[in-house]
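Subject: Structure for your review

Dear colleague,

I am passing on the structure we discussed, and I would be grateful if you could look it over. My notes on what was found follow directly below it.

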Amino acid sequence: MNKASNIHVEPLVFPESSGIDFGASVSNVDIEHLSDADFAAIREALFTHQVLVFKNQSHMTPKAQYELTHRFDPAAASKYGHGDTATGHKRSILHPDLRTIPHQPQVQVIGHGRVDEYEGLRELRLRHPHHRTFHATAVPDHEDRDFTRFYRWHIDAALYGADLAPPVVTTLLAVKVPGGGRRQTCRYEDGSGDELDVPLGTTAFVSGEAMYDALSEADQAFARTTRVEYAPHPYVWMSAARSRADGLGLVSEGRELGPADLPAPVDADSVQILPMCWRNPVTGRLALQVHPSAVRRLHLDGDSDGTVVIDELERVRDIVHRLQRPGIAPRRVYAHDWREGDLVLFHNRGVLHSVVGAFAEDEVRLFRQCNIAASHFPEGPSAEQAQVAA
Ligand SMILES: [Fe+2]
């Protein structure tokens, strides 16, 4: 019989003005030797709190990180969440930001600056993604030290391929973090005047569940009954396109690559059409869960007439942006203040996240990231939840 777990789970505490209703810290845990009861407690906590923070985990090996990540979905093949081709193609927007650990290929190294040697990787030249490489407009150079943007709100997922279901969880370990406690102001620049004070190089999280809850009843019904079709080879397809200033999807300028410029002919069976709302397997809550940059078409439940497909890209993006934007309001964003040794687990099917910030040349940062393509696709609303729409 399993011993009960001694793990402590404490919800994160935010100021009263905050609208953040997720996140917890986990302590009294030995990641390298988790009993079944320990893991069950962590799993329950992840689906309940969406983002879990473990302090002082610098000693965790890449193997232990992989094993923890895999334990959330033991039936999953041990493939990195994007497979090999999505990140390996030279035009993919994900390609420059990731280096694979040779002895643990599901674990990636990301960061900024020069690192001589790490886990068998030599002469690393890492680059923290900068919004100027992705956004249609950018913070002027003279303000770059103090002001920044959300780089790209997203779910970690290949979104193409019949065997590449969106990972359940992503694990992130902060190996090296620049000292100094520098902060920046993240601007939305979407006409709202919104901005957010953030620690340098934060990872920003918002809850897809809170995003869904914030919708009007009519929009909730729309979200429950709509399915989202993603572009084939989405990260190559969008490689010449540019982002909105708030990092929440792309502007429509006709820059997306055509079929002839994609890495391989489009395989209809690989196209992913997923529910707009994903159901939490423990709490049953629905999350408005859309990758706003990769979205291509919407399939609406057209009552007796069958499905209505919205194909016009600009309209598709406008609909998704209107639904998602309230969910990234400053008071709803958890901007994690990374310290060396922080291990963060996030429920990739219940939150959106974004890289934020711009490092100076000499500010070195090193992180390890792991996620695994899931064994199953996310579930949409239950029959009971769907019925509320009727
Ligand atoms: Fe990510």
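The protein has eight helices and 21 strands, where helices (H or I, at least four residues) and strands (E, at least two) are DSSP runs numbered from the N terminus. This is a predicted model, in which local features need pLDDT of at least 70 and side-chain atom pairs count only at pLDDT 80 or more, while totals for chains, interfaces and linings use all residues. Residues are numbered from 1 along each chain as its sequence is written.

Along the principal axes, the C-alpha atoms fill a box of roughly 60 × 60 × 45 Å. Of the 390 residues, 47% count as buried, that is, with 20 or more other C-beta atoms (placed from the backbone) within 10 Å of their own.

Taking two residues as in contact if their C-beta atoms, placed from the backbone, lie within 7 Å, 76% of the contacts between residues at least 6 apart in sequence join residues at least 24 apart.

Helix α2 (residues 62-71) has P62, Q65, Y66, L68 and T69 as its buried residues. Seen down the helix axis, these fall within an arc of 165°, so they line one face of α2; the arc is that of the directions from the axis to the C-beta atoms. The buried residues of α2 pack against β4 (99-101), β5 (104-118), β8 (169-176) and β21 (365-371).

Leaving aside neighbours within four places in sequence, L288 is in contact with residues including G208, M211, Y212 and L323.

Best regards

How values were computed. A residue is buried if 20 or more other C-beta atoms lie within 10 Å of its own, exposed if 12 or fewer, and partly exposed in between; C-beta atoms are placed from the backbone.
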